[in-house]
Amino acid sequence: MATCPPYPTRPPTRTRTHWWQRPWVRYGALITLLALSGLVILALVREQTGTQGFLVGLGLAVLPVPLLVAAFRWLDRVEPGPWRNLLFCFAWGACAAALIAIVANSFATRWIATATADPAGADTLGATVIAPVVEESAKAAAVLLVFLFRRRDFTGVVDGVVIAGVTATGFAFTENILYLGNAFGTDQLTGDSGIASVTAATFFVRVVMSPFAHPLFTVLTGIGFGIAALSTGRHRLRRALLPLAGLLLAMGVHALWNGSVAFGEYGFFAVYGAFMVPSFGLLTWLVIWTRQRELGTVRAELPVYVMAGWLTPMEPYALGSMRARRIARRHAHRHAGREAARAVAQYEAYATSLAFLRRRGRLGRAGADFAVRERELLGALWHRRDVARPALDHAARATAPPLPVAVRPWAHPYGAYGPGHPATAPATVPAPYPAPAAYSPYTPYRPYTPPSHYRP
């Protein structure tokens, strides 16, 4: 149950941990692993494509990466996860997963060719059976690691989609370097150039027509993990089977995509138009619908903290609208600068995490650290209230429907705290929620300096 301020207490002191459990040891080992994988994959790709082919492939393969990452980041705007998770996922896909795929696919294809004495059949079998299994398993490992060790940041379907999509974007980046570099090497041997070149055809198919192919496959795995994250502790079997089902589905779709060339001259275009495009549209709709449900959760769960005095009555309305959030950040930036806008964005993210935490607790899915986590999030909001509340108040009024003030749930009953706000609330507006002891009207947009004793 939410409690009233004045001020949040400090989290309990951590118990002593062994040296291998310390964060810097884990981070160091992970960074070392990814760095070594990156160096090895760099050497392998450069050996296959040559220096010129590698540079051309790198320059062309990097083009869709910012667009894809920005798209997944846009999907995650309701409760944005930390950038370090996305950096890890991209690095895992580009380095570790790509290295596993290259080594395992090459070994399996050579073994099948030696055993069957049919190199052409081995290549087809490797592309349609071996590659989907190996590549999707390697990419799913990143989703599994975030699910297990960053469970606090993995709360639903959207998180699974974003984490899986960014991992697959990194994998596709490295794979595109290899394919485009080899295509450039072929053009160097044949003397082709321009639109008729192999490089142009490869770029059109992999970067223009299907930049979302690998993300689409792995997103199915992420959806499985996301649904598992929403399951209660009583459904342990379902929590284990859902990610596995998503992984098997991703392998099947990947195999269908790779095997489309075996369906005839127009097999690729048939699979692309009849399956890939509708699947991409359906998944996009699913993610956007899920994001709207998350905004509804914010509007439904935060009023309990209004009653306890932690939030003002208008905040659940403003925080439950992406348009109002955007207006609040712009308003803060215009009146108090970039740091204030960043504080408002952090306030919005912490409030959303608080709403999701509250929902998990109400449904019986919260962990043993529910009270500690709730207190941490409330403390983070309390330290940013002076900057965020005027901006959210402005956003709520800018997006408010034309209703009388007396019936607006976001009308502030405690007094003035925003530009143009009356000195006191009208007498006709009751104060339905008692103000906490430390709650008092405040001057909007004080110079924002994060407290030295607090680190979110």
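**A helical chain and its charged pairs**

Glu-136 and Lys-139 sit three residues apart in helix 4, so about one helical turn separates them. Here, helices (H or I, at least four residues) and strands (E, at least two) are DSSP runs, numbered from the N terminus. The model is a predicted one, in which local features need pLDDT of at least 70 and side-chain atom pairs pLDDT 80 or more, while totals for chains, interfaces and linings use all residues. Residues are numbered from 1 along each chain as its sequence is written, and side-chain values use heavy atoms, leaving out hydrogens and water.

Of the 456 residues in the chain, 48% are buried (buried means under 20% relative accessible area, exposed over 50%, partly exposed in between, with a 1.4 Å probe and protein chains only). The chain exposes about 22900 Å², and carbon and sulfur atoms supply 66% of that area (Shrake-Rupley method, 1.4 Å probe; for residues, only the protein chains shown count as cover). Among contacts (heavy atoms within 4.5 Å) with a separation of 6 or more, 77% join residues 24 or more positions apart.

The search of the whole structure finds 11 salt bridges (a side-chain nitrogen of Lys or Arg within 4 Å of a carboxyl oxygen of Asp or Glu). One of them links the opening pair: the closest N and O atoms of Glu-136 and Lys-139 are 2.8 Å apart. Glu-136 counts as buried because its relative accessible area is 0%. Lys-139 also has a relative accessible area of 0%, and is therefore buried.

Glu-135 belongs to helix 4, which covers residues 119–149. Glu-135 is buried yet has no salt bridge, and the nearest side chain of opposite charge is that of Lys-139, 5.3 Å away (Lys and Arg count as positive, Asp and Glu as negative; His and the chain ends are not counted). Leaving aside residues up to four places away in sequence, Glu-135 touches Ala-101, Asn-105, Phe-171, Glu-175, His-214 and His-254.

Asp-393 is buried because its relative accessibility is 4%, whereas Arg-397 is partly exposed because its value is 33%. Elsewhere, salt bridges that share partners join Arg-152, Arg-373 and Glu-376 into one network.

The closest N and O atoms in the salt bridge between Glu-376 and Arg-373 are 3.6 Å apart. Arg-373 is buried, as its relative accessible area is 17%, while Glu-376, at 27%, is partly exposed.

The surface also carries a nonpolar patch. Leu-237, Leu-241, Leu-244 and Leu-248 together make a patch of about 400 Å² (patch residues have over 30% relative accessible area and no salt bridge; like charges are joined within 9 Å, nonpolar side chains, namely Val, Leu, Ile, Met, Phe, Trp and Tyr, within 5 Å). Leu-241 is found in helix 8, which spans residues 236–258. Leu-241 counts as partly exposed because its relative accessibility is 44%.
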